[in-house]
Amino acid sequence: MRTKQIDKSPARLDFIQSASGLILALFMWGHMFFVSTILLGKDVMYQVTLFFEGYYFFAESYPLIVTIIAGTVFVIFILHAGVAMRKFPSSYKQYKILKNHIETFKHADTKLWFWQIFTGFAMFFLGSVHLYIIMTNSTEIGPYASADRVVSEWMWPLYILLLLAVELHGSIGLYRLCLKWGWFEGKDAKTSRVKLRQAKYAITIFFLTLGFLTLAAYIKIGLEHQDRAGERYHIEKTVVQGVKS
Ligand code: HEM
């Protein structure tokens, strides 16, 4: 008698989606902290830039390292978007059914799911633009170079939208991961769901506040530096030949 094989691909795709989402969300937390070092001063952000260029390991800057990291993140980003696409409503009819369902049931987590789809769709475009620019301009990261990009190269409107999309998407995604895989469930699933939702809101507010303060700092520097856009930042003591900001 022939045994019927169970199709494991939906489970595999779900696992890929969860794992890539977790990597990206944790990456984003690190990214926000590194980028926000500008709030501690230009010298601190410059040193973080040198660190990622390998300067403290090789005594010389290799922006190619940043290109490779950005390229790897880009691949994970595309993979995540690719497997997530199967969850999108695929026709106007499906979209109307979903909208109707949300309005009728007023179920909070279904609404969150809708926001995750919406922000995910926006990030197809916003995230790709940023990642491609960083990947191909890794020599131009630093207190002045980044601030010039934000102001003189008009990245600030994109960053406002990307910041909103990524912070909402990331924290909703982590919340849904916790529910799906039962992380932090404890003894009472109902109570832990309420706590997880509170944690989600706190994380969103924290990273949005940090993000907008950071953006404001780059905009301030970019405006002050507008007349000298393109000029690089240096710390007298650490500058060696070949190290740029
Ligand atoms: C290795 C990959 C990445 C690198 C090296 C990187 C680097 C940077 C840098 C240096 C900035 C400061 C502004 C600038 O120089 O243009 C920045 C800002 C930003 N990045 Fe990334 N990024 C990466 C991936 C991502 C991803 C995957 C996302 C989200 C999809 C993202 C979202 C943002 C946002 C929202 C800002 C503005 C933050 C703010 O001003 O508060 N980045 N990134």
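Modeller: Buried means under 20% relative accessible area, exposed over 50%, and partly exposed in between (1.4 Å probe, protein chains only). The model is predicted: local features need pLDDT of at least 70, side-chain atom pairs count only at pLDDT 80 or more, and totals for chains, interfaces and linings use all residues. Residues are numbered from 1 along each chain as its sequence is written, and side-chain values use heavy atoms, with hydrogens and water left out.

Colleague: Is His31 buried, partly exposed or exposed?

Modeller: Buried would require under 20% and exposed over 50%. His31 has a relative accessible area of 21%, so the class is partly exposed.

Colleague: Which residues coordinate the iron atom of the ligand?

Modeller: Donors are N, O and S atoms within 2.8 Å of the metal (3.2 Å for Na, K and Ca); water is not among the atoms, so sites may look incomplete. Two NE2 atoms lie at 2.0 to 2.1 Å from the iron atom, and they belong to His31 and His130.

Colleague: What is the arrangement of the six donor atoms around the iron atom?

Modeller: Six donors count as octahedral if opposite donors are over 155 degrees apart and all others between 65 and 115. The angles here run from 86 to 179 degrees, so the arrangement is octahedral.

Colleague: Which side chain of opposite charge is nearest to Asp148?

Modeller: Lys and Arg count as positive, Asp and Glu as negative; His and the chain ends are not counted. A salt bridge needs a side-chain nitrogen of Lys or Arg within 4 Å of a carboxyl oxygen of Asp or Glu. Asp148 is buried and has no salt bridge. At 6.9 Å, the nearest side chain of opposite charge is Arg232.

Technical notes:
Tetrahedral: all angles 85-135°; square planar, octahedral: opposite > 155°, others 65-115°.
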